[in-house]
2 protein chains.
Amino acid sequence: MNGPAAVRYDAALHAWAYLSRVAEPPCPELAAFVERVGPVQAARDIWAGAEPAELSSYVGARRGLDCGGADLDALAARDGRLLTPDDPQWPYLAFRSFAAGAGSVRREAREPLVLWVLGPARLDEVADRSVAVVGTRACTSYGEQLAADLAAGLTDADFAVVSGGAYGIDGAAHRAALACEGTTVAVLAAGIDVPYPSGHSALLHRISLTGALLTEYPPGTRPARYRFLTRNRLVAALSRATVVVEAGLRSGAANTAAWARMLGRPVCALPGPVTSAASAGCHEMLRAGTAELVTRAEQVVEVAGRCGELAEEPEHPGTPLDELGEAEKRVYEALPGRGGATVEEVARDAALPPQQVLGPLALLELSGLAESRDGRWRICRRE
Amino acid sequence: MNGPAAVRYDAALHAWAYLSRVAEPPCPELAAFVERVGPVQAARDIWAGAEPAELSSYVGARRGLDCGGADLDALAARDGRLLTPDDPQWPYLAFRSFAAGAGSVRREAREPLVLWVLGPARLDEVADRSVAVVGTRACTSYGEQLAADLAAGLTDADFAVVSGGAYGIDGAAHRAALACEGTTVAVLAAGIDVPYPSGHSALLHRISLTGALLTEYPPGTRPARYRFLTRNRLVAALSRATVVVEAGLRSGAANTAAWARMLGRPVCALPGPVTSAASAGCHEMLRAGTAELVTRAEQVVEVAGRCGELAEEPEHPGTPLDELGEAEKRVYEALPGRGGATVEEVARDAALPPQQVLGPLALLELSGLAESRDGRWRICRRE
């Protein structure tokens with residue numbers, strides 16, 4: 001807090017950067033303290049060991065780390081920004097659900113203290129019309145194709161596609177959104193300068209050019225198992241709905257879905273072959289009733305979109321017989337395909353009095369469905 | 001009613017056979033008349049044109065068909081029997097649901113007048129522990145495999161497998177039940193002597209040797225579209241639950257499922273790839289909430305079986321980390337995979353005071369998950 005960086009950056013920004021690292025996020029005790037005294041005073045007190053007693057065990061290990069300036073340097077070198085709750089772009093509507101009681105259930109159910117962001121997308125706007133497309137890293141080609149179709153369809157409907165930047169479903173969703181020139185957002189479980197997974201460095205870079213890469217972790221933070229779980233809540237919070245494309249019985253996607261439910265957001269899941277382990281988690285959610293079955297993007301739009309954005313009903317294939325009345329159908333069924341039957345024979349087979357088959361026969365002849373020769377009737381086959 | 005057959009057969013049986021053909025089943029007016037005056041009197045009155053006025057239009061076309069004796073001959077030649085409501089094997093419990101109000105909804109929602117049966121299975125016992133496995137004729141190999149797996153699993157659980165004898169899902173279900181030496185029942189939409197589809201003649205014959213072939217239509221009746229729909233109600237009625245394996249958007253299986261719902265029986269559907277038209281009908285039912293998603297036989301047993309026959313929960317794959325407490329997990333995640341970290345470094349990364357990482361480190365070492373060399377800790381990888 002004494003280094004030259006404190007001079008180069010605004011005091012509040014520098015304080016936020018320091019606070020972002022001083023406790024493992026999210027830390028409700030830290031958030032409460034910052035809210036009470038403001039970021040500059042909070043940083044100063046923690047640095048000096050003068051924080052409230054209930055906060056000490058959370059900040060004790062890292063209070064001496066004075067790398068806020070270096071972190072902001074690293075961010076600036078990448079053209080990034082540190083988004084803080086006082087910024088007009090802070091997606092406060094999306095995060096409001098955390099305040100609405102969710103925090104009482106789990107310690108982690110809190111809005112982030114700050115967000116480290118690369119990329120031009122405005123998070124407040126993204127969160128207003130976005131869908132999380134998530135799933136297993138160990139996806140099948142079926143799942144990969146579905147994720148891409150879904151992301152493309154959502155992009156067409158002007159939704160941003162939010163995901164976790166991982167291999168498998170996440171990557172397929174991000175790539176398809178980019179290919180359709182849509183907005184896509186990757187929420188990371190590591191520092192903004194730690195490309196993870198490393199095989200997605202180029203993809204993450206492309207996302208940052210048109211959409212956004214974001215994380216609540218300060219630069220240099222390594223990904224860790226619990227950070228993925230904690231990160232998932234932001235994927236859910238920044239989306240109007242969460243769609244699980246493929247998930248095994250033990251999958252992070254189920255965790256994201258649980259966060260979405262906790263935040264009161266709709267959860268959808270795509271079914272797959274029951275023989276596919278990669279769909280077992282989806283089927284489990286669908287059986288438990290914790291997710292709604294969807295098969296295409298329009299159905300997701302229906303739950304994530306504005307009131308009245310309804311998916312079209314699938315067209316049921318029809319036949320010329322659909323337009324016939326009951327009596328005509330019954331007479332039609334009683335007609336032989338070959339040879340021919342007299343009116344009396346048709347009537348008997350249809351179990352109708354002869355005078356009640358004459359009208360239907362005439363109508364069937366007019367429709368081209370029946371023909372008569374020498375007083376014998378039969379079905380008229382058309383190519 | 002005057003031919004020699006009337007002498008060869010019991011008068012009541014002969015009357016039932018005549019009544020079975022005199023009106024297209026099911027015919028509520030005929031059923032009511034038979035219930036009032038008994039089968040012999042009813043047959044005599046209709047033959048003489050002395051039936052109640054409301055019945056005339058239903059029996060007018062066929063009252064002169066005196067082939068009850070020939071029908072019974074045809075049945076006897078195949079070792080079959082004509083099952084009537086006064087028979088102790090009549091599945092009256094299964095058919096009771098028709099009486100429970102369903103008849104008021106649709107004219108066809110009636111129990112059959114009689115059943116023409118081939119095969120040794122007792123229908124009252126079958127109906128007590130059976131599941132209908134139905135689906136599209138145009139099934140995929142995926143659907144065929146599922147139908148077979150399901151039928152085999154149900155057979156193992158002592159359920160009879162009821163279906164419609166058709167190509168595709170029906171056939172796969174029947175065949176698997178036979179292969180497992182289970183009881184399987186095919187409900188036909190034609191006369192018992194009209195093998196339909198003809199490619200299933202041998203299969204239907206095999207079913208009749210150990211299970212049952214049955215139909216409400218008298219011998220010689222040709223299958224017709226409306227007879228399939230009417231037949232479907234018996235498939236549903238003779239089963240504790242109906243499972244749709246694969247169904248297109250326009251499929252008879254959806255009709256069977258609708259009958260099952262109307263009769264208050266559970267309906268299950270298996271999901272499939274959303275890209276498969278053969279699963280579209282299943283997905284539609286699952287979305288509409290008119291069917292419950294199932295992925296294997298045990299889950300069907302759960303809805304169709306006795307109280308307490310519960311499917312085992314799928315085993316969630318575990319890792320040694322599952323048994324660790326929160327602090328141990330956090331410390332584990334903070335350990336480097338290569339090199340090594342001092343206790344202070346681990347504490348900082350885990351955001352815990354150093355004295356709180358010593359216990360977890362010791363426990364991790366005991367569990368074989370961490371190791372220390374020269375005061376530096378790291379993850380211990382196991383093959």
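The model is predicted, so local features need pLDDT of at least 70 and side-chain atom pairs count only at pLDDT 80 or more, while totals for chains, interfaces and linings use all residues. Residues are numbered from 1 along each chain as its sequence is written, chains are lettered from A and ligands numbered from 1 in written order, and side-chain values use heavy atoms, without hydrogens and water.

**The sheet in chain A**
- An open, mixed sheet has 9 strands in the order β1-β2-β6-β5-β4-β3-β7-β8-β9 (chain A); strands are DSSP runs of E, at least two residues, and helices runs of H or I, at least four, numbered from the N terminus.
- Strand β8 (residues 267–269) of chain A runs parallel to β9(A), joined by 2 bridges, and A269(A) has L293(A) as its bridge partner.

**Two copies**
- Chain B superposes on chain A by a rotation of 180 degrees with 0.0 Å of shift along the axis (RMSD 0.2 Å), fitted by least squares on C-alpha atoms of residues with pLDDT of at least 70 in both.
- The two copies are thus related as by a two-fold rotation axis.
- In chain B, the C-alpha of G272(B) is nearest the axis, at 2.4 Å.

**A helix pair in chain B**
- The axes of α12 (residues 225–237) and α13 (residues 252–262) of chain B come within 8 Å and cross at roughly 50 degrees; axes are lines fitted to C-alpha atoms over the stretch in contact, with angles from 0 to 180 degrees between N-to-C directions.
- Contact (heavy atoms within 4.5 Å) involves residues including L229(B) of α12(B) and W259(B) of α13(B).

Note on methods: Two strands pair if DSSP finds at least two bridges between them.
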